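Here is a short walk through one structure. Keep the sequence and the model side by side as you read.

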Amino acid sequence: MVRYHIWTIGCQMNKAESERLENLFARDGMTPTENAEDADFILLNTCVVRKHAEDRVVNKVHTLKRLKKANPDLTLAITGCWVDSNQAQMKKDFPFIDHFFRAGEKPPWLDNPAWQHVTPHNPQVTAYVPIIQGCNNFCAYCIVPYRRGPEKSRPVSEIVCETRELVKRGVREVTLLGQNVDSYGHDLKDRPGLADLLVELDDIEGLWRIRFLTNHPKDMSPRLIDTIAKLGKVCESLNIPVQAGSNEILKLMRRGYSAEDYTRLIESIREKIPGVSLSNDVIVGFPTETEAQFQQTVDLLTGLRFDMVHVAAYSPRPGTIAAREYEDDVPQEEKKRRVAIIETLQEKIATEINAELQGQDVEVLVEGKQKGKWYGRTGTDKIIFFSSQENWQGKLATIRIIRTSPWSLQGNVVS
Ligand code: SF4
């Protein structure tokens with residue numbers, strides 16, 4: 001029996017691609033193993049969006065070298081954003097790796113031209129569906145466009161077909177993925193937009209919920225916001241990264257909007273989609289960011305109050321505009337201090353927002369069990385845990401919230 005092992009780090013797109021690659025192994029009659037040492041085929045799906053992630057990849061590659069030495073029959077493959085366009089050089093640098101292929105591309109050992117139509121091997125009640133690959137934006141700090149290449153949308157019909165197939169296999173919620181989902185469709189005939197795609201998917205019988213990530217503030221159109229507000233299955237939860245609250249820093253980051261543009265966008269979304277929950281991504285310690293400019297980020301987050309904020313310290317990525325043009329001049333200790341300030345602020349805001357849910361009844365799509373408790377998410381992307389002897393897997397439950405925290409909620413089954 002041939003055994004495979006897949007190691008994945010990074011974003012949801014990597015997870016989605018690994019789920020599909022898993023299906024390809026399963027089709028070939030291979031079985032998964034948790035333990036890399038037991039595998040005949042090891043695939044790494046990698047991330048280099050921050051230095052920390054890249055360090056983990058490099059460590060893993062060194063482990064592979066040892067495993068290959070001990071077992072020359074072992075097949076090794078690497079994909080994801082660690083793989084750059086110069087694969088000939090990578091092959092020279094890492095001769096013990098059998099296959100390199102760029103994120104989202106067809107694995108080189110396959111002759112199956114329809115590999116993109118492969119659905120996840122064992123979909124759960126929720127599934128990721130990539131809708132657009134790559135990115136055309138070249139934000140100054142970001143390595144993704146160099147590694148994943150230019151934007152390439154999947155046709156509407158293909159995405160609808162795949163979603164129908166997933167629903168047949170028990171999926172009730174899909175999360176559409178793209179580095180910038182708002183630019184979906186501009187490269188397709190008839191130029192459909194994300195709004196058109198949502199309308200098509202909303203029609204699929206048996207599909208209950210639709211989510212999508214990630215939005216770009218400069219590309220979210222009023223039509224898209226109206227469509228989200230109108231369609232019953234599209235969840236009232238959006239991730240819209242601002243990255244910084246200072247206009248000077250936003251300009252250096254090449255984000256294409258100002259803090260005022262962003263604030264207007266959030267206000268319009270909140271007006272059109274009442275009860276919407278919003279999450280955000282922020283980078284602190286970008287080159288030249290002063291204390292006053294950092295404070296503008298703090299002020300923006302304090303004023304707009306998001307349900308969730310992911311904060312990261314700036315980490316120069318070789319080859320990006322920021323790494324080439326600006327000195328990484330904010331000391332590491334100072335970056336850490338800024339991260340901690342935002343984390344503390346966000347914990348307070350999320351505590352207050354979630355406390356308002358105490359005593360309310362909410363609808364939860366149950367995804368599974370953890371430590372003996374059922375868990376699932378609301379349409380607003382809040383994680384809820386509850387106890388019940390019944391089997392709630394894949395069902396919708398109405399839960400009364402009895403306890404709240406900044407990160408999750410606890411409740412009792414109402415029905
Ligand atoms: S929009 Fe900017 S941050 Fe997002 S993937 Fe593209 S370049 Fe990177």
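Which residues of H10 are buried? This is a predicted model, and in it the buried residues of H10 are Gln293, Phe294, Thr297, Val298, Leu300, Leu301 and Leu304. They cover an arc of only 160° around the axis, which puts them on the same side of H10. An α-helix has 3.6 residues a turn, so residues three or four places apart point the same way. On the other side of H10, Ala292 and Gly303 are exposed.

What do the buried residues of H10 pack against? Their partners are helices H8 (247-253), H9 (259-272) and H12 (332-355), along with strands E11 (277-284) and E12 (308-313). H10 itself covers residues 291-304, 14 residues in total. From first C-alpha to last it reaches 20 Å, close to the 20 Å expected at 1.5 Å a residue. Just after H10 comes arginine 305, with a positive phi of about 50°.

Now turn to the strands. E13 (residues 361-370) pairs with E16 (residues 396-404) in the antiparallel sense, over five bridges. Aspartate 361 has arginine 400 in E16 as its bridge partner. E13 is also joined to E14 (residues 373-377) by five bridges, and these two run antiparallel. Here lysine 369 has tryptophan 374 in E14 as its bridge partner. E13 and E14 form a hairpin with two residues between them. In the turn, lysine 371 has a positive phi of about 50°.

Last, the ligand. Its surroundings include Cys135, Cys139, Cys142, His216 and Arg255. Asn137, Phe138, Tyr141, Val144, Pro145 and Gln179 also surround the ligand. By class, the shell has seven nonpolar, three polar and one charged residues.

Conventions
Residues are numbered from 1 along each chain as its sequence is written. This is a predicted model: local features need pLDDT of at least 70, side-chain atom pairs count only at pLDDT 80 or more; totals for chains, interfaces and linings use all residues. Side-chain values use heavy atoms; hydrogens and water are left out. Helices (H or I, at least four residues) and strands (E, at least two) are DSSP runs, numbered from the N terminus. The expected span of a helix is 1.5 Å times one less than its number of residues. Buried means under 20% relative accessible area, exposed over 50%, partly exposed in between (1.4 Å probe, protein chains only). The arc is that of the directions from the helix axis to the C-beta atoms. Contact means heavy atoms within 4.5 Å. A residue is near a molecule or strand if one of its heavy atoms lies within 4 Å of it. Ala, Val, Leu, Ile, Met, Phe, Trp, Tyr, Cys and Pro count as nonpolar, Asp, Glu, Lys and Arg as charged, and the others, Gly among them, as polar. Two strands pair if DSSP finds at least two bridges between them.
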